Amino acid sequence: NGGDGIVMLALFMNIAPGNSVPARKAYTEASPVAHVTAAAPPVLLIHGDADTTVPYEQSVTFEKTLRAAGVPVRLVTVPGGVHGATFVARNGKPRPDWPDAAGETIRWLDDHLKAGRPKTRQ
């Protein structure tokens with residue numbers, strides 16, 4: 001649940017999230033959004049919009065920030081997907097309307113890593 005995510009984050013960061021100046025500074029500096037430049041590599045984001053561990057809105061914000069910097073980026077949304085690479089729905093079964101995350105990843109890597117291939121998907 002979301003509470004578990006906050007506990008894990010606080011343990012990792014070694015400071016609880018909050019409105020104190022040290023907490024705000026630590027979390028801002030740890031955010032990938034704070035380090036986006038035009039020199040960033042292409043980024044593929046695959047995120048379930050029902051994720052309670054890492055809020056989906058973080059990927060939306062990251063995508064917008066990367067795009068504004070001119071970085072090739074693609075956000076693949078898994079409707080109803082929760083946290084984790086398997087994107088297991090709340091009932092434990094993948095939904096037929098979910099994107100092919102593995103296929104999206106392979107296409108992205110082909111487009112951005114294979115020599116001589118055009119970088120068309122963004």
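**A first look around the chain**

Q: Which residues is leucine 66 in contact with, leaving aside its neighbours within four places in sequence?
A: Contact here means heavy atoms within 4.5 Å. Setting aside the residues within four places in sequence, the partners of leucine 66 are Val36, Ala40, Val43, Val71 and Val73.

Q: Where does leucine 66 lie?
A: First, some ground rules: this is a predicted model, where local features need pLDDT of at least 70, side-chain atom pairs count only at pLDDT 80 or more, and totals for chains, interfaces and linings use all residues. Residues are numbered from 1 along each chain as its sequence is written, and side-chain values use heavy atoms, with hydrogens and water left out. Helices (H or I, at least four residues) and strands (E, at least two) are DSSP runs, numbered from the N terminus. By that numbering, leucine 66 sits in helix 3.

Q: Is leucine 66 buried or exposed?
A: The cut-offs, with a 1.4 Å probe and protein chains only, are under 20% relative accessible area for buried, over 50% for exposed, and partly exposed in between. Because its relative accessibility is 1%, leucine 66 counts as buried.

Q: How far is leucine 66 from threonine 37, between C-alpha atoms?
A: Along the chain, leucine 66 and threonine 37 are 29 residues apart.

Q: In which sense do strand 1 and strand 2 pair?
A: Two strands pair if DSSP finds at least two bridges between them. Strand 1 covers residues 43-48 and strand 2 covers residues 73-78, with 6 bridges. Valine 43 has valine 73 as its bridge partner, and leucine 45 stands opposite leucine 75. The sense of the pairing is parallel.

Q: What is the handedness of the β-α-β crossover?
A: On the way from strand 1 to strand 2, the chain passes through helix 3. A crossover is right-handed if, with the strands pointing away from the viewer, the path from the first strand over the helix to the second runs clockwise. This one is right-handed.

Q: Which residues does tyrosine 56 touch, not counting residues up to four places away in sequence?
A: Tyrosine 56 is part of helix 3. With 17% relative accessibility, tyrosine 56 counts as buried. Its contacts beyond those sequence neighbours (up to four places away) are His47, Gly48, Asp49, Leu75 and Thr77.

Q: Which residues does aspartate 51 touch, not counting residues up to four places away in sequence?
A: You'll find aspartate 51 in the loop between strand 1 and helix 3. Aspartate 51 counts as buried because its relative accessibility is 10%. Its C-alpha is 8.4 Å from that of glycine 84, which is 33 residues away along the chain. Not counting residues up to four places away in sequence, aspartate 51 touches Gly81, Val82 and His83.

Q: What is phi of asparagine 14 near?
A: Asparagine 14 is in the loop between helix 1 and helix 2. With a relative accessible area of 72%, asparagine 14 is exposed. Its phi is positive, in a residue other than glycine, and is near 65 degrees.

Q: How much space lies in the largest pocket?
A: On a 1 Å grid over the protein atoms alone, a cavity is a set of points where a 1.4 Å probe fits but cannot get out, while a pocket is an open set with protein on both sides within 12 Å along at least five of seven lines; lining residues have an atom within 4 Å of a point. Grid points are joined across faces, edges and corners, and a volume is the space filled by probe spheres set on the points. For the largest pocket, that comes to about 590 Å³.

Q: Which element gives the most to the lining of the largest pocket?
A: Of the 19 lining residues, Leu9, Pro32, Val54, Pro55 and Gln58 are the closest to the centre. Helix 1 (2-13), helix 2 (21-30) and helix 3 (56-68) are the elements that give two or more residues each. With 5 residues, the biggest giver is helix 1.
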